[in-house]
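I set out to look up how the chains of this model are built. My entries follow the order in which I looked.

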Amino acid sequence: MYSSTQGNGSQDGKWEAQLRKGCLELAILASLSRGKLYGLEILRVLQDEAQLVLAEGTVYPILSRLKQEGLLDSEWVEADAGHPRKYYWLTNAGRLQAESMARSWASFAANLTRTVEPLLNREE
Amino acid sequence: MSTATIGTDAIERYLLRLNAALLSVPEREREEFLREIRGHIFERLEQSSDVAAILAAVGDPEELAEQFRVETNLARSARSWSALVLMRTAARWALSGAQGFSIFMVAMLGYGLAGTLYITAMLKPIFPQNIGIFAYGTTFNIGFDTSPQRHDISGPYFTLYAMIAGFLLVFATSMALRAMIRKFARVRSRFAAVPGESIGISLPLPSGTALAESVRSLPWWRLLRLAARGALSGIQGFLMFLVALLGYIFGGVLCLTAILKPVFPENIGVFVSNHGIQLANWPHPQGVEVAGQYYTAVAMLLGILIVFTTNFILRHLMHNFGRLKRSLA
């Protein structure tokens, strides 16, 4: 259900899939930090900005869980197109959780970038 | 039949498959999820008329349903006050580890008994009178015995018998363990949340196929270690199941005796005797009943308190174990 956009061998692909999988929850919470979005809009943010290409249905079970955990809230809105859309937004707890996760991610990424820098320089 | 009709049929078939795969999910949640997926598909149809491609992009309905179940089950249980929901989740969790426990028990019994046989075989020359196969009429005692009536029927051959029996036992235990782990691995891979490269949250367990393949060449000590790991992965489940079982049964019994006290005033109460403390004394009451007229009120209060505390503990355990499972997934 997940397709990696990069990766050389199957091992690289697996590693990258696991890495992206671990970041999906943060990516969803971060995409909702800009306001109310429905499923397809969240997917577009994930695909266009985070380059997370995934089976489109995958995002809905995660949204359901995050809602059950009290991190998101939702409501059905009748759209002009005729199909109702379920809009999601962050609750206060969700915003705090997203901010905490974002801080952890930024710190982790910065530290790891320093560690892998010699490898990147060698490639250049 | 028009192209549009064929497309709609395909969508309906897809949603029927999804619905069928979600039958174990509460109706309200299932309908909400189906409505959302239906909305997504029709939204996509406005941009493209290729129904097959749209459905393929949404994902396999059975995998999607499995992912939904795994994602929401623990979160739902961790927030539920329903004893039924908590008990069911605890039982499922425990059962998922029951295989691990059964493998571990087979390993412990088989290798343990074999080890004992080897030890007695080696000790026989040191304690020739006390180690052997001792007959008492129709019963036997294998190992160490100090009874004056003992009669060793193995004689000097005990060391040989014990070594051969120990070897056979190790071999049989290894065979049984390999078969059980292979079967366990197949079940495990069948129940994996989303196979392959999927993004779904999967159980923190080794790949079933890899386990089945690698187990063929494992020595006995690695089989034992594997069995121990399997048992440990189920300990959380057993712990929760035991808490649920003890808490709900004890709370339920207290409430039940509180209700039955007016019907059987002589037989229900707190009876203190030489045998200890009993809540019900049947058919002839023994000991002194110390609760008296307050029994119903106290037992009911205590029963409700125990059920409430069990709920609280289970919710807490499920929340923390769920977080642990997801972080390991």
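**Conventions.** I noted that this is a predicted model, in which local features need pLDDT of at least 70, side-chain atom pairs count only at pLDDT 80 or more, and totals for chains, interfaces and linings use all residues. Residues are numbered from 1 along each chain as its sequence is written, while chains are lettered from A and ligands numbered from 1 in the order in which they are written.

**The chains.** I looked up the secondary structure, where helices (H or I, at least four residues) and strands (E, at least two) are DSSP runs numbered from the N terminus. Chain A has 4 helices and 3 strands, in the pattern α-β-α-α-β-β-α along the sequence. Chain B has 9 helices and 5 strands, and its pattern reads α-α-α-α-α-β-β-α-α-α-β-β-β-α.

I then looked up burial: a residue is buried if 20 or more other C-beta atoms, placed from the backbone, lie within 10 Å of its own, exposed if 12 or fewer, and partly exposed in between. Of the 124 residues in chain A, 30% are buried; of the 329 residues of chain B, 31% are buried.

For contacts, I used the rule that the C-beta atoms of two residues, placed from the backbone, lie within 7 Å. In chain A, 48% of the contacts between residues at least 6 apart in sequence join residues at least 24 apart.

**The sheet of chain A.** I recalled that strands of a sheet pair through backbone hydrogen bonds, either parallel or antiparallel. Two strands pair if DSSP finds at least two bridges between them. In chain A I found an open sheet of 3 strands, ordered S1-S3-S2, with antiparallel pairing. Its edge strands are S1 (37–38) and S2 (72–77), each of which pairs on one side only. S1(A) pairs with S3(A) (residues 85–90) over 2 bridges, and Tyr38(A) has Tyr87(A) in S3(A) as its bridge partner. Helix H3 (residues 59–68) of chain A packs on this sheet and touches S2 and S3; its direction makes about 120° with that of S2(A). Such angles run from 0 to 180 degrees between N-to-C directions, and axes are lines fitted to C-alpha atoms, for helices over the stretch in contact.

**Helix H3(A).** I asked how many residues of H3(A) are buried. The count is 8 of 10, so H3(A) is largely enclosed by the rest of the structure. Among these buried residues are Ile62(A), Ser64(A) and Arg65(A).

I next compared H3(A) with H2(A): their axes come within 11 Å and cross at roughly 110°. The two helices are therefore roughly perpendicular to each other (under 35 degrees counts as roughly parallel, over 145 as roughly antiparallel, 65 to 115 as roughly perpendicular and the rest as oblique). Gly39(A), Ile42(A) and Leu43(A) of H2(A) make the contact with Val59(A), Tyr60(A) and Leu63(A) of H3(A).

**Two loop residues.** Gln51(A) lies in the loop between H2 (39–48) and H3 of chain A. Its phi is positive, about 55°, although it is not a glycine. Is Gln51(A) buried or exposed? Gln51(A) is exposed, with 11 other C-beta atoms within 10 Å.

Gly70(A), in the loop between H3 and S2 of chain A, has a positive phi of about 80°. Gly70(A) is partly exposed, with 14 C-beta neighbours inside 10 Å. Leaving aside neighbours within four places in sequence, I found Gly70(A) in contact with Thr91(A) and Ala93(A). The C-alpha atoms of Gly70(A) and Thr91(A) are separated by 7.1 Å, although the residues are 21 apart along the chain.
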